[in-house]
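Here is a protein model to explore together.

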Amino acid sequence: MLKKNDEKINGFLFVIVLPLLLFSMSYYGFETSYVLWIKSADKAPDFIFESVYAYRVIPNFLSVHVTEAFTLIVENHLPFLKDVLSKSGSYFYHSTFIINAFFFMLSCSMLDKIVKMKPVELLMNVRVRRLVHLAAVFFMVIVQYVPTNCDSIAVFFYLWGVLLTLRYLHEKKKVYLIALCAVVFISTFVRETSCLNIAFFAAVFLDWRQFKNKEYKFVKDTVWVAGSFCLAYIGLRMAIHQAASFMEGIYIVKNFTSPYNLAGLLFGVLGIYFTYQLSSEENSQFILKKYLFFSLPYLFMITLVGLFWETRLFMPLILTGIVTASHQFKNFIS
């Protein structure tokens, strides 16, 4: 009994407390040019309701209402905290931290469930598994030098989709496929990176041999997952009309000429390569290769309209590499 309690306490400290402390340090212990305007904003800025940001409905809703609630609580019930809080950022900045920290903890918990599910032999050792989990946590924390109101939420939904995909792989219960479609649909209201759940599902289930053998079951399943994304994506653009809804700008030249963006690209490439090298099984490496292939539209878009220096854009790919390296696919993927 005492041993089980110790394991629960150690798990809580390692999965929740330590990551939260690291996350707090990234927000309040360091400062970059990206956070200066956030720290001075008293409320959610108007630009999040314009251009492509307008389609991030859930993060925008939370930004507005959590900031209002936080301001109300501090001003009316905790006035003694005003001076302390004002020294480290605005109400909007603290609210952004609260939202992101909450979903970051959920992401850490979700990742812990994933690495415990059918782990490879090396990760049977709890100490090794925790080191892999810690590596993933460090990656998630490091990229927070570009804080946004949507990325932590998007990572949580993405990992949730990964978990449901793996459960569907092992248990073949339709309820997991239905739940995955629901998660993809909802997460599209967070950020377009929900499309990467389609890439992961396809990487796990699709194989050219299925087409040769005229086996279309998992092709149909993939269409259902992709349809969930398309339904939400098209619906958003029909409901919210923006003059420039597709992109903020074209940054492809800047991505390959700026030393900062080249450094960000190198970080992304080496991060993915690191996770590839972690894989001890051929099946895991093959799935990661297929995933990167199916993720080519996403990679093309971040090259065209994203900035490589904002390395948070590579985070889902790096996390997927860690997941594929940690998971036992041998007995389930032919």
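pLDDT is the predictor's confidence in each residue, on a scale from 0 to 100. You are looking at a predicted model, in which local features need pLDDT of at least 70, side-chain atom pairs count only at pLDDT 80 or more, and totals for chains, interfaces and linings use all residues. Residues are numbered from 1 along each chain as its sequence is written, and side-chain values use heavy atoms, leaving out hydrogens and water.

**Confidence**

- The chain has an average pLDDT of 88, and 94% of its residues score at least 70.
- Helices here are DSSP runs of H or I with at least four residues, numbered from the N terminus (strands are E runs of at least two).
- Which helix has the lowest confidence, and which the highest? Confidence is lowest in helix 10 (residues 208-212), with a mean of 71, and highest in helix 8, at 97.
- As a reading tip, where pLDDT is low, the predicted coordinates should not be read in detail.

**The nonpolar core**

- A nonpolar core is a set of buried Ala, Val, Leu, Ile, Met, Phe, Trp, Tyr and Cys residues joined through side-chain atoms within 4.5 Å.
- Buried means under 20% relative accessible area, exposed means over 50%, and partly exposed is in between (1.4 Å probe, protein chains only).
- The largest nonpolar core has 83 residues, and the members that touch the most others are Ile-114, Met-140, Leu-166, Phe-200, Val-225, Tyr-291 and Met-315.
- Helix 7 gives the largest share of this core, with 13 residues.
- What does Met-140 touch, leaving aside its neighbours within four places in sequence? Met-140 is in contact (heavy atoms within 4.5 Å) with Phe-104, Ser-107, Cys-108, Leu-111, Val-155, Met-315 and Leu-319.

**Helices side by side**

- Two packed helices are described by the angle between their axes and the distance between the axes.
- Axes are lines fitted to C-alpha atoms, for helices over the stretch in contact, and the angles between N-to-C directions run from 0 to 180 degrees.
- Helix 9 (residues 195-205) packs with helix 11 (residues 217-239) at an angle of about 175 degrees, and their axes are 9 Å apart.
- Helix 9 is therefore roughly antiparallel to helix 11; angles over 145 degrees count as roughly antiparallel, under 35 as roughly parallel, 65 to 115 as roughly perpendicular and the rest as oblique.
- On the helix 9 side, the contact is made by Cys-195, Ile-198, Phe-201, Ala-202 and Phe-205, while helix 11 brings Phe-218, Asp-221, Thr-222, Val-225, Ala-226 and Phe-229.
- By class, this contact of helix 9 with helix 11 has nine nonpolar, one polar and one charged residues.
- For those classes, Ala, Val, Leu, Ile, Met, Phe, Trp, Tyr, Cys and Pro count as nonpolar, Asp, Glu, Lys and Arg as charged, and the others, Gly among them, as polar.
- In helix 15 (residues 296-305), the buried residues are Tyr-298, Ile-302, Thr-303, Leu-304 and Val-305.
- These buried residues of helix 15 pack against helix 9, helix 12 (252-255) and helix 16 (315-326).

**Two lysines with positive phi**

- Lys-118 is not a glycine, yet it has a positive phi of about 50 degrees.
- You can find Lys-118 in the loop between helix 5 (91-116) and helix 6 (126-142), where it is partly exposed at a relative accessible area of 43%.
- Lys-172, also a residue other than glycine, has a positive phi near 55 degrees.
- Lys-172 sits in the loop between helix 7 (151-171) and helix 8 (174-187), and it is partly exposed at 44% relative accessible area.

**Single residues to look up**

- Is Ser-95 buried or exposed? Ser-95, found in helix 5, is buried, with a relative accessible area of 1%.
- Not counting residues up to four places away in sequence, Ser-95 touches Val-66, Thr-67 and Phe-70.
- Ile-240 lies in the loop between helix 11 and helix 12 and is partly exposed, with a relative accessible area of 23%.
- Ile-240 touches Ala-54, Tyr-55 and Val-57, not counting residues up to four places away in sequence.
- Leu-292 belongs to helix 14 (residues 282-294) and counts as partly exposed at 24% relative accessibility.
- Leu-292 and Ile-272 are 20 residues apart in sequence and 9.6 Å apart in space, C-alpha to C-alpha.
- Leaving aside neighbours within four places in sequence, Leu-292 is in contact with Ile-272 and Leu-299.
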